[in-house]
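Please read the numbered points alongside the sequence and the coordinates.

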Amino acid sequence: MWQADAGAPPPPRDCFPLRPPSSRAACGSEPSGEPEKHEVRANSAPTTLCRMWSIVSFYTCYVLCVGLSLACMVCVSLWSSQWRGGFAWDASALQFNWHPVLMVAGLIVLYGNGAVLYRVPLTWGQNKLPWKLLHAAVMLLALILSVVGLCAVFDFHNAQNTPNLYSVHSWVGIIAMALFAMQWAAGAAGFLLPCSPTPLRALLKPVHVWVGGTILCLSIAACISGINEKLLFVFKNGASPTYADLPAEAMLANVLGVLIVAFGLVVLMILSNREWQRPDCTPADMAYSVRINPLVQEENE
């Protein structure tokens, strides 16, 4: 019976090779023979490849995100300048042309790029407070541009005696703007003020993330419905050409809508991937933050 057990192959070691070298050194009962070291080296190669693949995948998506941002701005600017006559601030139709440009720039492009700022791996090894400030500044600029875009369309409607906030587009857009303003104020108070307690930050973080994704989805819905509404006004029944003929202006506006949806999907994919989330601060980073400002100790939310 003992001979049969001695002749059987030893059970495979399936846990220690997955540990990092530091944890193995801390375990006094683990032997330090040469075959064990070769086994750790063999199992560390797939982990390194997975990390490299994750980083390459992120930067591929991030470059696509930036490219779609530029494409959206080019399309909406061309639409307003070439086909709608340009820009002005005189309560005319030229003032209305600021509305799509500023809303796409604020609620879509700046908002989406500001949301994925924490996912950039180059920022992970640095103190988080400057990136918090940059995130807040980008979001504030997006909010200001969006408010100016709303002022442009409200002034135009009031000058033309056109009712405000009567369509689904306007309802969804104003809800997105209201949530955006409240989100920024709550984020600034909860994450930037040194006196903000740590339990409040821990409670606010998942709500902040969920509301942020909701605002982006509402903004995309508002932009798509606004593009369609504008095209229906431009190509009214009896006009030549019609919307169904897909003239160049309608084609450009449809492409803009597709680019906005694609940009939103890429941003949501980056935000939902757990492998691309900023890791918790190391003890050295935490000590660095405490030395700079003892009140700012929670820099890993």
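Predicted model: local features only at pLDDT ≥ 70, side-chain atom pairs only at ≥ 80, totals over all residues.

In which helix is His-208 found? The first point takes up this residue, and the later points treat the chain as a whole and then other sites.

1. His-208 is found in helix α8. Not counting residues up to four places away in sequence, His-208 touches His-135, Gln-183, Gly-187 and Phe-191. A further spatial relation concerns Trp-184: His-208 and Trp-184 are 24 residues apart in sequence, and their C-alpha atoms lie 9.3 Å apart in space.

2. As to the overall architecture, the protein chain has 10 helices and 0 strands. Of the 301 residues in the protein chain, 37% are buried. Among contacts between residues at least 6 apart in sequence, 70% join residues at least 24 apart. The chain exposes about 17,100 Å², and carbon and sulfur atoms supply 70% of that area.

3. The packing of two helices deserves attention. Helix α8 covers residues 198–234 and helix α9 covers residues 248–272; the two pack at an angle of about 175°, with their axes 10 Å apart. Angles over 145 degrees count as roughly antiparallel, which is why α8 is described as roughly antiparallel to α9.

4. The contact between these helices can be listed by residue. From α8 come Leu-216, Cys-217, Ile-220, Cys-223, Ile-224, Ile-227, Leu-231 and Val-234. Facing them in α9 are residues including Ala-253, Leu-256, Gly-257, Ile-260, Val-261, Gly-264, Val-267 and Leu-268; Glu-249, Ala-250 and Asn-254 also take part. By class, the residues of the contact of α8 with α9 divide into 15 nonpolar, 3 polar and 1 charged.

5. Leaving aside its neighbours within four places in sequence, Tyr-243 is in contact with Asn-228, Leu-231, Leu-232, Phe-235, Ala-250 and Asn-254. The C-alpha atoms of Tyr-243 and Leu-232 are separated by 7.2 Å, with the two residues 11 apart along the chain. Pro-241 is found in the loop between α8 and α9 as well. Not counting residues up to four places away in sequence, Pro-241 touches Phe-235 and Pro-247. The relative accessibility of Pro-241 is 36%, so this residue counts as partly exposed.

6. Is Phe-58 buried or exposed? Phe-58, found in helix α3, has a relative accessible area of 1% and is therefore buried. The residues that Phe-58 touches, not counting those up to four places away in sequence, are Arg-119, Val-120, Pro-121, Ile-270 and Trp-276. Phe-58 and Met-269 are 211 residues apart in sequence, but the C-alpha to C-alpha separation of this pair is 9.9 Å.

7. His-157 is found in helix α6, which covers residues 128–159. Its relative accessibility is 14%, and His-157 counts as buried because the cut-off for that class is under 20%. The side chain of His-157 makes a polar contact with the side chain of Asn-164, at 2.9 Å. Setting aside residues up to four places away in sequence, His-157 touches Thr-162, Pro-163 and Asn-164.

8. Two backbone values call for a check by eye. Asn-161 has a positive phi of about 55° although it is not a glycine. Asn-161 lies in the loop between α6 and α7, the latter covering residues 168–192. With a relative accessible area of 70%, Asn-161 is exposed. Ala-91, also a residue other than glycine, has a positive phi near 65°. Ala-91 is found in the loop between α3 (34–83) and α4 (93–96). The relative accessible area of Ala-91 is 23%, and this residue is therefore partly exposed.

Key. Residues numbered from 1 in each chain as written. Heavy atoms only, no water. Axes fitted to C-alpha atoms, helices over the stretch in contact; angles between N-to-C directions. Helix = DSSP H or I, 4+ residues; strand = E, 2+ residues; numbered from the N terminus. Parallel < 35°, antiparallel > 145°, perpendicular 65-115°, else oblique. Contact = heavy atoms within 4.5 Å. Nonpolar A, V, L, I, M, F, W, Y, C, P; charged D, E, K, R; others polar. Buried < 20%, exposed > 50% of the residue type's maximum accessible area, 1.4 Å probe, protein only. Polar contact = N/O pair within 3.5 Å; in protein donor to acceptor, adjacent residues only side chain to side chain. Areas by Shrake-Rupley, 256 points an atom, 1.4 Å probe, with all protein chains shown as cover.
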